[in-house]
Amino acid sequence: IRICYSHLLKRIMQCEEITSAADRLKLSDNKTTMIVSAVIKAAGGNLDDFDISRSTSRRTRMINRQRIAESVIDNLRLNPPQFGALHWDEKLLKDILDVQHEQLAVLVSGAPEYSEGKLLGVPVLVDSKGQTQANATLDLLEAWDLSNNVVALVFDTTASNSGIHNGAAKLIEENLGRKLLYLACRHHIFEIFVGACWKKLFGNIFGPENKFF
């Protein structure tokens with residue numbers, strides 16, 4: 001069935017549905033332009049009648065991403081979690097050029113709307129120090145206007161997070177100016193108990209050849 005040519009928009013690349021689908025499918029700007037051009041031709045259209053090119057595809061995709069991001073932030077601001085838990089975790093990841101970067105995933109969870117968590121961002125860090133992680137996390141809280149909604153901190157027990165002087169958790173708590181509930185990783189905490197029990201029963205043995213570990 002031939003698509004009605006008159007139903008196609010002149011500025012077709014500005015359609016949020018198209019740019020969002022291209023992003024979800026991880027299509028390049030060239031591939032997106034080729035597919036949309038093929039649809040126009042299949043509908044009996046003339047490409048000269050449309051604003052379509054690789055540069056147009058790239059520009060409109062960037063604009064629509066920004067628009068969607070602002071809409072998501074606005075929606076959360078209107079209905080934020082009343083008692084939110086702030087989560088963050090830092091990993092060393094490679095980018096598309098195979099270059100490694102320290103990146104920090106930050107999210108907020110809180111019932112009922114965000115019981116599974118809402119990702120706030122994944123900024124690139126210059127290092128993995130507690131101060132650097134705290135600054136990046138606080139910047140995202142401010143951008144999403146959630147600084148007053150955080151009541152708990154969820155983190156693993158690395159020194160950069162749990163240090164009593166320069167740990168990210170302590171620095172975030174100091175910056176927010178109130179006491180917060182610390183929900184450190186239960187797995188890491190239980191390891192301390194198991195390790196102490198093992199040492200008491202069998203001595204200081206931590207070799208990987210031991211099947212218990």
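Reading the predicted model

User: This is a predicted model, so what does its radius of gyration say next to that of a compact globule?
Analyst: A compact globule of 213 residues would come out near 17 Å, but this chain has 24 Å. The globule figure comes from a rule, 2.2 Å times the number of residues to the power 0.38. The C-alpha atoms fill a box of roughly 80 × 45 × 35 Å along the principal axes.

User: What makes up the chain between its ends, in helices and strands?
Analyst: Seven helices and six strands. Along the sequence they run α-α-α-β-β-β-β-α-β-α-α-β-α.

User: Why is Asp-51 called partly exposed?
Analyst: Its relative accessible area is 31%. Buried means under 20% and exposed means over 50%, with partly exposed in between, so at 31% Asp-51 counts as partly exposed.

User: Where is Asp-51, and what does Asp-51 touch?
Analyst: Asp-51 sits in the loop between helix 2 (29–42) and helix 3. Leaving out residues up to four places away in sequence, Asp-51 touches Lys-10, Arg-11, Met-13 and Thr-56. As for Val-99, 48 residues away along the chain, its C-alpha atom is separated from that of Asp-51 by 35 Å.

User: What makes a group of residues here a nonpolar core?
Analyst: The members have to be buried residues of the nonpolar kinds, joined through side-chain atoms within 4.5 Å. The largest such set has 27 residues, and Leu-86, Trp-88, Leu-120, Leu-141, Leu-153 and Ile-172 touch the most other members. Elements giving two or more residues to this core include helix 3 (54–78), strand 1 (84–94), strand 2 (100–110) and helix 4 (130–143). Apart from it lies another core, of six residues, among them Met-13, Ile-40, Phe-50 and Ile-52.

User: Why would nonpolar side chains gather like that?
Analyst: In soluble globular proteins they tend to be buried together.

User: Which residues does Leu-86 touch, not counting residues up to four places away in sequence?
Analyst: Leu-86 touches Val-106, Leu-107, Val-108, Thr-137, Leu-141, Val-150, Ala-152, Leu-153, Val-154 and Ile-172.

Methods:
Residues numbered from 1 in each chain as written. Predicted model: local features only at pLDDT ≥ 70, side-chain atom pairs only at ≥ 80, totals over all residues. Heavy atoms only, no water. Buried < 20%, exposed > 50% of the residue type's maximum accessible area, 1.4 Å probe, protein only. Helix = DSSP H or I, 4+ residues; strand = E, 2+ residues; numbered from the N terminus. Contact = heavy atoms within 4.5 Å.
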